[in-house]
Amino acid sequence: MLLPENRLTSRRDFEKVKRLGAILTTPLFVLSYFNRGQKGGSSSPRFGFVASTHLSKRATKRNRVKRMLRESVRLFIKLEKERVSGTPLDVVFVLRKRILDQSHEEISRLVNTFLPKVFKF
């Protein structure tokens with residue numbers, strides 16, 4: 001499970017990332033990210049996940065994919081803790097339909113490929 005300091009929860013923050021952030025497109029998801037700076041807040045990165053009903057009408061399918069993606073992000077943070085911990089980024093994953101057919105390994109591979117590009121290392 002992602003730690004509370006690594007969760008992006010408020011609607012306002014999601015909208016800010018969407019409005020001001022940069023976009024990185026992959027076959028399985030779209031990554032929007034925004035550097036929020038050091039304005040008195042936490043300096044740890046925060047992650048949010050969007051799985052609309054366009055992805056699937058079944059909440060169980062949407063939740064399963066979000067759980068797999070959250071776990072992949074958690075493992076990425078654990079592996080890259082030294083480089084990631086001081087970066088005040090907000091990252092939002094907007095999921096695409098193709099992600100429903102992918103295994104956990106494939107999702108983890110894509111996360112480990114594209115998150116370093118977001119964190120610029």
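Start by selecting Thr26: at 2% relative accessibility this residue counts as buried (under 20% relative accessible area; exposed is over 50%, partly exposed in between; 1.4 Å probe, protein chains only). The model is predicted, with local features needing pLDDT of at least 70 and side-chain atom pairs counting only at pLDDT 80 or more, while totals for chains, interfaces and linings use all residues. Residues are numbered from 1 along each chain as its sequence is written, and side-chain values use heavy atoms, with hydrogens and water left out.

Thr26 sits in the loop between β1 and β2; strands are DSSP runs of E, at least two residues, and helices are runs of H or I, at least four, numbered from the N terminus.

Next, select Phe29. Its backbone oxygen is 2.5 Å from a polar atom of the Thr26 side chain. Phe29 also stands opposite Leu95 in β4.

Then show the whole open sheet, four strands in the order β1-β2-β4-β3 with mixed pairing. β1 (22-25) and β3 (46-50) are at the edges with a single partner strand each, so one side of each has no neighbour in the sheet. Neighbouring strands are turned by 20° against each other on average, direction ignored.

Finally, select helix α2 (residues 59-79), which packs on the sheet and touches β2, β3 and β4. The direction of α2 makes about 160° with that of β3 (axes are lines fitted to C-alpha atoms, for helices over the stretch in contact; angles run from 0 to 180 degrees between N-to-C directions).

Key
Pairing = 2+ DSSP bridges. Contact = heavy atoms within 4.5 Å. Polar contact = N/O pair within 3.5 Å; in protein donor to acceptor, adjacent residues only side chain to side chain.
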